[in-house]
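Subject: Structure handover

Dear colleague,

Here is the structure I promised to pass on.

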Number of protein chains: 2
Amino acid sequence: MYERKIPIDLDCPLRLTMSLIDSKWKSCILDELRYQAMRPSELHKALPEAAPRVLDLQLKELVEDGLVEKTIFPELPPRSEYSITSLGMTLIPIIDAMLEWGKTNKDLFERKHGK
Amino acid sequence: MYERKIPIDLDCPLRLTMSLIDSKWKSCILDELRYQAMRPSELHKALPEAAPRVLDLQLKELVEDGLVEKTIFPELPPRSEYSITSLGMTLIPIIDAMLEWGKTNKDLFERKHGK
DNA sequence: AGGTACACCGAATAATTTTTCTGTATATGA
DNA sequence: TCATATACAGAAAAATTATTCGGTGTACCT
């Protein structure tokens, strides 16, 4: 696990919230899990641009933060499932607002490439 | 200027919105500018943890994205001022929602260090 | 003249995050 | 038996972002 050298001031409510969702795929994951639980492989199909390993790592953090819950079925071959928690659900209005903002303003940023 | 090698899919409204505000200080800057325009030095006093150079760079991107506006006063020594645009203002509800979420749930994350 | 403050910027470095690569183990279907 | 799929994870590499350092030029105050 990576050990931060420059701590983030989590007493700032804005930075706290941001720190939970601002990595590349977390908001997408929450958006996918909002309606149904998904297995890692399903999530990867839903977000093909994200490598399985990446989803794996970000899911683990989401679980640590209590936004997502993991269920392991004691089967072979292994099966597991991730679902959003009630705490995670409370972030959905924020995700929705960002989705809405993006839809409304997409024309303004049609040129932009990577960034 | 840095040239991205892995482009971000800005057709995804969520990722588009995220890409505008998910760098370390942007949401804080927008939050500071929401009520009054500020000079770079004032902004640095308001956000002492952010080095002036960092604010400088992020302000430049915010201006490029049309979320912030820069006014240069033709004086010596130089004076300039940054203010939020009406487009930037439309992000404030999202910032507010994140602030609110952070305040509501700060107890749950009291332990967390950096991350 | 010397110290300070202002805004700004290029470039190097450091920090962090993301991605890729490789390997574990088991079961299923061809 | 061989290829495939499942979930998972360590470690290295690459990509991206943040920070530091040094320098520009002007004016103000002492």
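This is a predicted model: local features need pLDDT of at least 70, side-chain atom pairs count only at pLDDT 80 or more; totals for chains, interfaces and linings use all residues.

Residues are numbered from 1 along each chain as its sequence is written, and chains are lettered from A and ligands numbered from 1 in the order in which they are written.

Around DNA strand D there are 25 residues, of which R39(A), S41(A), K5(B), K24(B) and R53(B) come nearest (near: C-beta atom, placed from the backbone, within 6 Å). α4(B) contributes the most to this surface, with three residues (helices are DSSP runs of H or I, at least four residues; strands are runs of E, at least two; both numbered from the N terminus).

Between the chains, 35 residues of chain A are in contact with 35 of chain B (contact: C-beta atoms, placed from the backbone, within 7 Å). On the chain A side, α6(A) gives the most, with nine residues.

As for α4(B), its buried residues are L55(B), L59(B) and L62(B) (buried: 20 or more other C-beta atoms within 10 Å of its own; exposed: 12 or fewer; partly exposed in between; C-beta atoms placed from the backbone). Their cover includes α2, α3, β1 and β2 of chain B. R53(B) and E64(B), on the other side of α4(B), are exposed. After α4(B) comes G66(B), with a positive phi near 80°.

Regards

Conventions:
Two residues are in contact if their C-beta atoms, placed from the backbone, lie within 7 Å.
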